[in-house]
Structures are given as structure tokens and as C-alpha cells.
Amino acid sequence: MRLLAFCFGLWLALPVAATTRVAPSGLLCDLLAYPEKSLITNPRPDFGWIVNSLTPGDSQVAYRIMVATGPSLLQSGKPDMWDSGKTPSAESINVIYAGRPLAANRSYAWTVKTWTKAGGASAWSEAQVFNMADFNAPRKWPGESHWVQLTNEAGAPFWGFENRHPVVYHPVQPVRQIIRTNGLHFFDFGRAAFSNLELELSWQPTTGESKETTVTVHLGEKAIGDAIDRKPGGGVVFRSYPLTIKAGTHSYTLEIPRFVARYPHSQPMPPQMPEVAPFRFAELATGTQPVTVKRVTQRALYYLFNPQASSFSCSDDRLNDIYELCKYSTIANTFNGDYANSERERMMYESDCYIQQQCHYAIDREFAIARYSLENLIYHATWPTEWITHSILMAYADYRHTGNTRAIREHYGALKAKTMLPLETTNTLISTRTGLQTKEFLQSIHFNGKELRDIVDWPHGGMGLVETGGETDNFDFREFNSVVNAFYYRGLVCMAEMAEAVENKADAAFLRQKAAAVKTAFNGCFFDETRGVYLDGIGSDHASLHANLFPLAFGLVPPSRLERVIELVKSRGMACGVYASNYLLEGLFDHDQADYALSLLTSSTDRSWLNMIRVGATMTTEAWDNKYKSNNGWSHAWSASPAHILPRKVLGIEPAEPGFGKVSIHPRPGHLATAEARLPTIRGDILAGFSQVPGKRFELRVTLPANTTADVSLPASTRNFTLTHNGSPVKGSAAQGYVTIQGVPGGTHRFVLVAR
């Protein structure tokens, strides 16, 4: 790869007008917060920013963007590439570049100022540098992102990506270290990470000895007392490596053997970067050699994460610990610059990536890794039937959180194929077992294997799979599978909305009609009228948790059937794997079962997040426990769903429209006395917090960015109450146990509901 010497990290201060208005911040170029550390392959990138104002309820009415080949041209107010002029618009995200053609392999700078309805122009934002790539470079699939060698502000080369942020080795020092009498040095870095190890060692051999010697380094994820567990079980890591050291004081980087890809789309590290392995603990075995450890550093590899971007805390410390576990797991599993986590595979799967994507949006204002991951998976489909639908869910989540339609437009045909319409039969349902998996169909969804297979949950013992155990609640696999068809319905609903977003009205109407027909067929074919629950498949008399939790989560259950379906779901406990628990919790919170959902979240059984913490994992695990999966790994973000469930469902912060221009704040507090969260969005941070005396008083505090509005709902267990907004009486609309105040503008608000 060529060396591109662009001006990274260049932020210049532009002239500030005499104004009290605050400059825009949080600039994004093609969804990149740090475009100076990447290359952009889109010749017409889009721009976004956070509108700031000192006036509550303010919103943007116009903007001006300047783009130039050099920062000095922006500073002088003479941009040579684009000057949008004062453009009347409320849009502060996804503004497409409309200037002179941008040249490949060049760097540019841009800045923006805004006008708001409160009057007056803002100061200019700090300028942001962005770098254009080679637009004509060959690509194996649409959206492929190459590793590229770049140059930092000090002139030193480093390896990064096109269209996504680089991963960085973060230095971590031991939180505990012990030297034992047998020459064994034990180091605890506090948390596991995909890391390398650096050591500074001093060794002075006695006269006549060799000038080199070999010591042993042990790495592991689990400890017993003050030593690494050498037989941790499952897929938990313990490894040993020789390290040759020289006389004197020297620094060493542990040479970890290169990851060997054993799966179709596994992603090895580039040879230019030191290899990593997941470990929390390290041991240096020196034997009788007089070796002194001057310094030892865990070099944790993950992307440029902003640890201050998000937070969650509540009156239950168990939930606080679970949130931190899941938040960190989401970060640590970006070591490859995408969502290819798990040490065993280092491969992306659609379901895994969708859950990590949801978590990522909830903990950082970062969209490029998710965008790349969804584009990659569109063209590298994996074998489970339901995973195909997850590509649609990923694209839909991208659209909902960014308001950006470029991925939908660029991959529309491939996404529509993921609905799997060709598998539909005369009963309006789909099946993978009726001979419809033709070569043409598999090619259309970009799957190069022999056939799709229904999965329901993972692991399970059916379908001839070698995994032991099972998490499907004894699901009865039939020709027509209720879980598969629940996903079929959900994919049609999401695809219809995306078709509408790109003005394909004919497709949108067709897909909505198809979804309605599938909903009718689903309820006609899978529902047992006698028991009032959904069955696993046509011809089955078994009603598993999964056959009911997915219809509940996806809106397939009519109101008249909710009570008995929820009763069945609650009777089964956590009879599902870590993957399905994401949908189980969503369905419960969305249907006013917060207390039960919280009881699952804080369970102390071996099917829980607290069990992950109890056994010593510092990243979420692939399965609930080693007993449920023979090669269970301790580095898997698909079980990190509480990172997004807690702010999105307990505090209720969700987009009411794509791009967070309109927000829904709908807390489901359950029995919690207090909770608060900071959720980053493309338009800025949203803060929400509540305190309550259940049934008597509920106080909700909300801070919204400028240029947004929200519908704010408070739980009201009685129709007889008083409601105030910032101390003044206010009326809201009451429905289904909540009272809602619509159109709440940006700024800080305090709502208090008191039962009379």
C-alpha cells in the first residue's frame, strides 16, 4: 500500500464572530468522527454536525458549509471547493457534498456555521480534515474496505482502513502483580482484551553464561488465586509462548503466532500489525534466572472509543455491573475494525453483528463500523435461515439511527433478496424444506454454501450439528417453522419502510401488503386456539418459548392474545440462549413486563449475566456457561444486549423517526427507585433519569439536543394525578398506563407526576 501523507488531526480555530451563539460540534464526514484517520471512497461524502444553542427549544433554520483544499482558505473565508452559502434548512445530518469534484488521493478540510430560529449566526465550527481514496481501486464486493497505510500528524506511518476508523493498541498497566518464590511473575490487567504484551526486562547473566536465554510467557482469561488457570475449560484461553531475551535491559513485544482462519469468512490480522489474543492475566516464568521486570503492558486493540459518550446507573448495583460488562464487551470486540469477534472464529455472523450494532449505537456516537459490517455481510451470507433476515435488520437499524439512506440505495436489490420471497409457498409462509432453495435463490442472497438451515437458537443439538447441549427449549423443527416465519414477517416490515425511504413506493406498497398477508397466515397456521399460544411449526403440538417470544417481540400477537402468550413466555424463564435473550427482553419491556424482564436481567442462576461475572469473565461469553457449550468462549459481543436494552427500554430512549430528529422517551422503570442514562445520537447526547415511589410519584428529567423534539411518556397507574413540566401544570394524553407530552423541544426538562 502507498503512503498517503495527509494532515491528520488538524483542527484549526476559525474567526469567531461577536456572538453568544455556540459553534456546531461533533462533525461527521461520511459518518466518520475522525475522517482524518481514514480514507473515504465515496466521491460525494455527506456532512453532519450537532446544533448547539444557549436557548432552550432552539432549532436550526439555515447552515453554511465551506470546503477547501487547505485550512488557510477556510480561515480566510475563501473556500476553493464548495461554499454552500446560507442555505435555508433544518437539516444537520446527511448533507451531501455539492461542490467541485473531489480528487482521488487528496485531503480536504470543511467547516460549518448555523443559524437558529432564536436569531443570529453561530461561530464557525472547528475545521475537520477528510481524505479521499482511490475511487477506481478494484473491490471484490461493493463496499469492500482495504487496509491502507497512512501517516499521522508526526509523520509516522500507521495502518488504517477505508471508510471506517482505525484500531489502536491502547496501553494498559497491571492493576495487581505478584512475584512468587519460584520465579513466576503474575500480572492482572483488570480486564481481558484482544491484546499483545510488551515487556521491559533486565537480565544480567553470570560470567561465562550465554548472552541470550529463553523464558516463558503464559497468557490467560481465567485465574485461580494468584495464578492463571491452566485448564480453564470450554474455549477459555490459556496459552504459553517462549520469549528469547538478551543480556542487559531491553524492551520486547511478545510474538503471538498468527491467527489461522478455519472458517469461510474468518479475518486474520494484517501482517504489518502485531498479532493479538484475548487475555486478562499474564505470567512470566523466569526460573532461576535473575530477571527483573521493569515494565509490563497489555496492548489492548480496539477502535477509537470515547468512554465519556455514554453511561447508565440505577438503584440496583447488579444492573450497573452488568451494563459495564456489556459496554466494555462491545468495545473490546472491535479489535478487527468491524464486528468479527470471538477468538475461535474471528468471523462475522448477521445475528451477532446486529446485536453488537445495537449495543454500539447505545454506547458511542460511531456509525462507520456498523455500516461496514452490514455491507460486508450482505455479500457474505452465513448458513442459518434467520441470519439472512438480520442483514435487513442491520440496514434498518443503520437507517433508524443515522437517517442516512445511502446503504439502502446502494444495496437495495441485495437487501430485498434477503426477504427470501422465493421461499414462500401457497400458504403465504416460507420454508427451507420444500425444494425452493435453488442455485439462483442462493446466489441472490450471496450465500455460496449448499443450503440454508433453520437455527431458532444456538447452540442446539438438532439438524446434525456437532454442538452439544441445546438452547431451543426442545423446539420441534417442522417443514414450516414459526420462528423462521416470524423473522420473515419482520424482514418484510423493515424492508417496506426502507423502500418508502428511497421513494420506491410500488415496492413499499407490495411489501406492506405481503407483510399483512404473512401476519394473517402466521396467526392462522401457528396459533393454538385451545391453549392460546403459538406452536413451533405446522403439525407440531409443542409450544416452545421461542415460538412465542419472537412473535411477541415482532408485533405479530393481536391484543386479544397477548395475555396468554405473555403467560407462556413468563412460565419458561430464561429457557433460551444469549442470542434469543435479546428479543425476549425487548418483547417483555415493550409489553409492560418490566419487573419480570428486570428479574431475568438480574438473575443469579447459571443462565445469566451475573454468572458471567461470577465465573470471572470480563467480556460477555458465547453461551451462558461452559456447561451449555463445549467450546464456550469468553469474548463474544452477541450476549452484550443489556448495553442497549438498559438505556433503550428502562429509560426508554429511542428514535421516533429515522435520525433522531424526533425522539421517544418512554421509560419502563419496573420496581427501580432510580435510573439515569446518557445515550449518544447522531444529533447529540440525550440524557434521561427518573426517580419514583411506585404508584405514588414519578419524576423524569430529560435533556435533549437542539434541533430535536420528543414525545415524553410517564407511567401513570391511576387516572387521578397532577402533572407538572418545569414546575408548571401541564396536560398530557393518557393511554395504556402512560401519560404523554408531545413535541417537547430541545433543552432540559423536569416532569413530575403525583397520584392524588
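Two strands are taken to pair if DSSP finds at least two bridges between them. Helices (H or I, at least four residues) and strands (E, at least two) are DSSP runs, numbered from the N terminus. On these terms, an open sheet of 3 strands has the order 2-3-7, with antiparallel pairing. Strand 2 (25–29) and strand 7 (95–96) stand at its edges with a single partner strand each, so one side of each is left without a neighbour in the sheet.

The model is predicted: local features need pLDDT of at least 70 and side-chain atom pairs count only at pLDDT 80 or more, while totals for chains, interfaces and linings use all residues. Residues are numbered from 1 along each chain as its sequence is written, and side-chain values use heavy atoms, with hydrogens and water left out.

**Strands and their pairing**

- Strand 10 (residues 147–151) is largely enclosed by the rest of the structure, because 5 of its 5 residues are buried. Here buried means under 20% relative accessible area, exposed means over 50%, and partly exposed lies in between (1.4 Å probe, protein chains only).
- In a regular strand the side chains alternate between the two faces of the sheet. From strand 10, Trp147, Gln149 and Thr151 point one way and Val148 and Leu150 the other way, and all are buried.
- Strand 10 runs antiparallel to strand 11 (residues 157–161), to which 5 bridges join it. The bridge partner of glutamine 149 in strand 11 is tryptophan 159.
- The hairpin of strand 10 and strand 11 has 5 residues between the strands, and glycine 155 in this hairpin takes a positive phi near 85°.
- Strand 22 (residues 311–314) has a covered face, made up of Phe312 and Cys314, and an uncovered one, made up of Ser311 and Ser313.
- Strand 22 pairs with strand 27 (residues 674–679) in the antiparallel sense over 4 bridges, and serine 313 stands opposite glutamate 676 in strand 27.

**Helix 5**

- Helix 5 (residues 385–402) has 18 residues and reaches 27 Å from its first C-alpha to its last, close to the 26 Å expected at 1.5 Å a residue. The expected span is 1.5 Å times one less than the number of residues.
- Since 18 of its 18 residues are buried, helix 5 is largely enclosed by the rest of the structure.

- Glutamate 424 is found in the loop between helix 7 (412–417) and helix 8 (439–444). Its side chain is joined to that of lysine 514 by a polar contact of 2.8 Å.
- A polar contact is a pair of N or O atoms within 3.5 Å; within protein, one must be able to donate a hydrogen and the other to accept it, and residues adjacent in sequence count only if both atoms are side-chain atoms.
- Leaving aside neighbours within four places in sequence, glutamate 424 is in contact (heavy atoms within 4.5 Å) with residues including Leu429, Tyr488, Lys514 and Val518.
- Glutamate 654 is found in strand 25 (residues 653–655) and, at 17% relative accessibility, counts as buried. A polar contact of 3.1 Å joins its side chain to that of lysine 649.
- Beyond its neighbours within four places in sequence, glutamate 654 is in contact with residues including Arg648, Phe660 and Arg668.

**Aromatic rings**

- A search of the whole structure finds 35 aromatic pairs. Rings of Phe, Tyr and Trp (its six-membered ring) pair if their centres lie within 6.5 Å; planes under 30 degrees apart count as stacked, over 60 as edge-to-face and the rest as tilted.
- Phenylalanine 554 and tyrosine 583 form an edge-to-face pair, 5.6 Å centre to centre with 75° between the planes. Phenylalanine 554 lies in helix 11 (residues 545–554) and tyrosine 583 in helix 13 (residues 578–590), so the pair ties together parts that are 29 residues apart in sequence. Both residues are buried.
- Tryptophan 609 and tryptophan 624 also form an edge-to-face pair, at 5.0 Å centre to centre and 90° between the planes. Both tryptophan 609 and tryptophan 624 are buried.
- One aromatic cluster is formed by Phe47, Trp49, Tyr63, Trp82, Tyr97, Tyr108, Trp110 and Phe130.

**Charges over rings**

- The charged end of arginine 453 sits over the ring of tryptophan 383, 4.3 Å from its centre. A charge sits over a ring if NZ of Lys or CZ of Arg is within 6 Å of the ring centre and within 35 degrees of the ring normal.
- The charged end of arginine 607 sits over the ring of tyrosine 628, 4.5 Å from its centre.
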